[in-house]
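The following exercises concern a single protein chain.

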Amino acid sequence: MSDGVPHAYAFREIEGEVSAVVQRVIGETLGGGEQQQQEQEQQQEQPPRGFSAVQARAQVEDINRQCVVALQKMSANFKWVVNTLITQRAAAGADGLHMENVALWDAHTDGCLCVKWAGRNVSCVTSVYCLAI
């Protein structure tokens with residue numbers, strides 16, 4: 001059995017915990033790197049720069065992997081699907097990205113949620129789909 005909530009059989013029972021796990025993973029993955037980059041730019045007096053495609057790809061893979069591992073530990077009664085999108089923020093700090101999810105499943109056991117995170121240079125949206133086994 002898993003450590004978290006081994007007897008959870010409905011997504012709504014663990015939705016708050018799932019959201020907290022995803023927010024923590026995103027913050028640790030993107031927040032720390034962005035803070036380090038900001039400190040380097042201040043030391044070198046350079047204007048802020050965005051993330052490269054290679055960095056973004058590695059960060060997306062890291063977020064997805066860490067989320068799935070943490071969620072499987074939380075409850076093995078579900079199949080977890082995680083999808084992450086990272087975009088560079090506009091100079092004014094506005095995001096031109098809008099997302100919506102629609103799914104057909106057993107509404108009593110399955111579910112999904114979207115976690116949004118915005119840093120100084122990038123925005124991140126992570127969708128988590130939870131399907132009862």
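## Exercise 1: Surface and burial

The chain exposes about 8100 Å², of which carbon and sulfur atoms supply 51%; accessible areas come from the Shrake-Rupley method with a 1.4 Å probe, and for residues only the protein chains shown count as cover. This is a predicted model, in which local features need pLDDT of at least 70 and side-chain atom pairs count only at pLDDT 80 or more, while totals for chains, interfaces and linings use all residues. Residues are numbered from 1 along each chain as its sequence is written, and side-chain values use heavy atoms, with hydrogens and water left out.

**Task.** State what percentage of the residues of the chain count as buried, and identify the residues of the nonpolar patch on the surface.

**Solution.** 
1. Buried means under 20% relative accessible area, exposed over 50%, and partly exposed in between (1.4 Å probe, protein chains only). Of the 133 residues, 37% count as buried.
2. Patches consist of residues with over 30% relative accessible area and no salt bridge; like charges are joined within 9 Å, and nonpolar side chains (Val, Leu, Ile, Met, Phe, Trp, Tyr) within 5 Å. Leu-85, Leu-97 and Met-99 make up a nonpolar patch with about 210 Å² of accessible area together.
3. Leu-85 is located in strand β1 and counts as partly exposed because its relative accessibility is 32%.

## Exercise 2: Fold and sheet

**Task.** Give the order of elements from the N terminus, then describe the order and pairing of the strands in the sheet.

**Solution.** 
1. Helices (H or I, at least four residues) and strands (E, at least two) are DSSP runs, numbered from the N terminus. The chain has 2 helices and 3 strands, arranged as α-α-β-β-β.
2. Two strands pair if DSSP finds at least two bridges between them. The 3 strands form an open sheet in the order β1-β3-β2, with antiparallel pairing. Its edge strands, β1 (78-88) and β2 (111-118), each pair on one side only, and the twist averages 15° from one strand to the next.
3. Between β2 and β3 (residues 122-132), the antiparallel pairing extends over 8 bridges; Lys-116 has Val-125 in β3 as its bridge partner.
4. Axes are lines fitted to C-alpha atoms, for helices over the stretch in contact, and angles run from 0 to 180 degrees between N-to-C directions. Helix α2 (residues 53-74) lies across β1 and β3, at about 155° to β1.
5. Contact means heavy atoms within 4.5 Å. Among contacts between residues at least 6 apart in sequence, 73% join residues at least 24 apart.

## Exercise 3: Salt bridges

**Task.** How many salt bridges does the structure hold? Describe each pair and its position.

**Solution.** 
1. A salt bridge is a side-chain nitrogen of Lys or Arg within 4 Å of a carboxyl oxygen of Asp or Glu. The structure holds 3 of them.
2. Glu-28 pairs with Arg-24, with 3.3 Å between the closest N and O atoms. Because these residues are 4 apart in helix α1 (residues 11-44), about one helical turn separates them. Arg-24 is partly exposed at 40% relative accessible area.
3. Glu-61 and Arg-57 meet at 3.6 Å, N to O, and both lie in helix α2, 4 residues apart. Glu-61 is partly exposed at 47% relative accessibility, whereas Arg-57 is exposed at 60%.
4. Arg-65 and Asp-62 have their closest N and O atoms 2.5 Å apart. Both residues belong to helix α2, 3 residues apart, about one turn of the helix. Asp-62 is partly exposed, with a relative accessible area of 22%.
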